[in-house]
Amino acid sequence: MDNINVFEDLIGELRDENLLEETVIDLSKTAHTSIRASRASTAGDEAGLEDSGPSGPDAEREFFRKRAIDEISSLQMVEHVLSGIEREHMKAISASYDDLRAKKALHSFLQVQGEPGTTEYAEAEGQLMHETEAWCSALANRDKDISAASLRRFCENSRPALSSQALMALGRFYRNAAYTELSRAKFDLVMTRLFSREIDGARRRLLFSREDMVGHLRTLYANWSSVALYSTDEASLKTRAVVAGFEDRIREVESAETFDQIIRSTFLDKVHEFKEATGEMFFTPEIVSAVIECNVRIGNKFVDLIHLERERSNAATIEQRYGYEYDQIISEAAGKTLQLVELLKNLPESDLAKNTHPPPTTVVSVPASDVEKPGRTQSDLFKVNKWLLATTILVVLASVGLYFWSSQASVETSVTQSARDVDLANSGVDEYLRSGRASKETFYAITLPAWEQLSDEQKRAVVQKTAEFAGQQKLRRVKLVNVRGDTEAFASGERLDIYSTAP
């Protein structure tokens, strides 16, 4: 029952944020009404359970009844959303599921007088589970044809707006669905929308700290009866490594000074690849909370950079330079639809006014002694200021020194300047490595979470296979690093080392 109390606290916090809108799919009142009705129909003094603090068999029965009602309500909400997407975005006739059997099974379950564990109770519960699983399966088959972008646009444009209960229902559906990259992406955007709120039109703010989000996610998982798709006993180190990777992405985007810098660095592609590489570990509460913060930071930074571009140039130039080319990948990375042209159109007038005046003229103060005076001869014009000459000589010497120093740069520096991408698709190690890069003689790659699950002996085998693959690319050395930049393994000639990295 503690989980339910914490769950109610989350509902209360979201209500305080005015996020529990009354919508056509808000079934919370229906659910609570059904609970009260079920209490009234049962024997004993159950009418006072809510006030007296239930315990024992009554509390257990009430817990399972509430969860059953919540599950049916969630499926109805998901049904409504999928039907809306099919109708509005796919222009298709909605193949709505006939939920009558499921509702009858719920009614029978709520009317059971026996205690949990009795034959009557088990039969009613089994029938309800059968019907809800059939409903989930039908919804999952329809959902396969719906893109994450269509779901995102429906959530953003739905009128009245989707309530937080509806978003939680969608989160429950995708969390408990069979894992696919599509279901992961949809869970990503739904949770980002649930735990953030729009401000200033295009920007968002997080509703909770990352630590609080972790607690709320664990509570939701418990109420959803979600089964962990990863080993919790072994997840700590890998979780921290993945979280550190998303924190690196946050630092990278926050340090960007121009939109061009984000595009040239393929940052948005790296974010997508990194999310995909986490696999089923993505659903770990610590990782989900880091992803939500990363999404919000990316979206807000994009808005800031476009505002900055607008101050430096005009809207037509920016639109011609970027157009609609990057809208989709930016929206995927931010978990929110962001369209550059629309953003430019909606810039506040105060920002637009900044570009209506010519840039200020830089005034350079010239010493009076350097101003040409009447009667100055032509030979005076060719006189050299001794301080200017000294400065020029120093600049030339520094440039020459920099040239020779750069020509002797280390291998690590050379990698960042001249490394080339290496496709790992046919390497046999792409399950454990990503982002293959090659310098003149060294192959570099970043380890995936699956690497952490290997024993040292298995890691040696992977490194050996990687070295053989690198040899085919005429590369003599192999260096593997994790998402934090720590070296995991090195191979060169007869040498092969596996390193233990600190968590």
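Reader: What should I know before I start?

Author: Residues are numbered from 1 along each chain as its sequence is written. In this predicted model, local features need pLDDT of at least 70 and side-chain atom pairs count only at pLDDT 80 or more, while totals for chains, interfaces and linings use all residues; side-chain values use heavy atoms, leaving out hydrogens and water.

Reader: Which peptide bond is cis?

Author: Most peptide bonds are trans, and most residues other than glycine have a negative phi. Here, the bond from Arg 159 to Pro 160 is cis, with omega near 0°. Pro 160 belongs to the loop between α7 (148–157) and α8 (164–176); helices (H or I, at least four residues) and strands (E, at least two) are DSSP runs, numbered from the N terminus.

Reader: Where is Lys 474, and what is its phi?

Author: Lys 474 has a positive phi of about 65° and sits in the loop between α22 (456–472) and β6 (477–481).

Reader: How do I read a pair of aromatic rings?

Author: Look at the distance of the centres and the angle of the planes. Rings of Phe, Tyr and Trp (its six-membered ring) pair if their centres lie within 6.5 Å; planes under 30 degrees apart are stacked, over 60 edge-to-face, and the rest tilted. The whole structure holds 15 aromatic pairs. One of them, Phe 282 with Phe 283, is edge-to-face, at 6.0 Å centre to centre and 90° between the planes. Ring pairs also link Phe 282 and Phe 283 with Tyr 179 and Phe 187 in a cluster.
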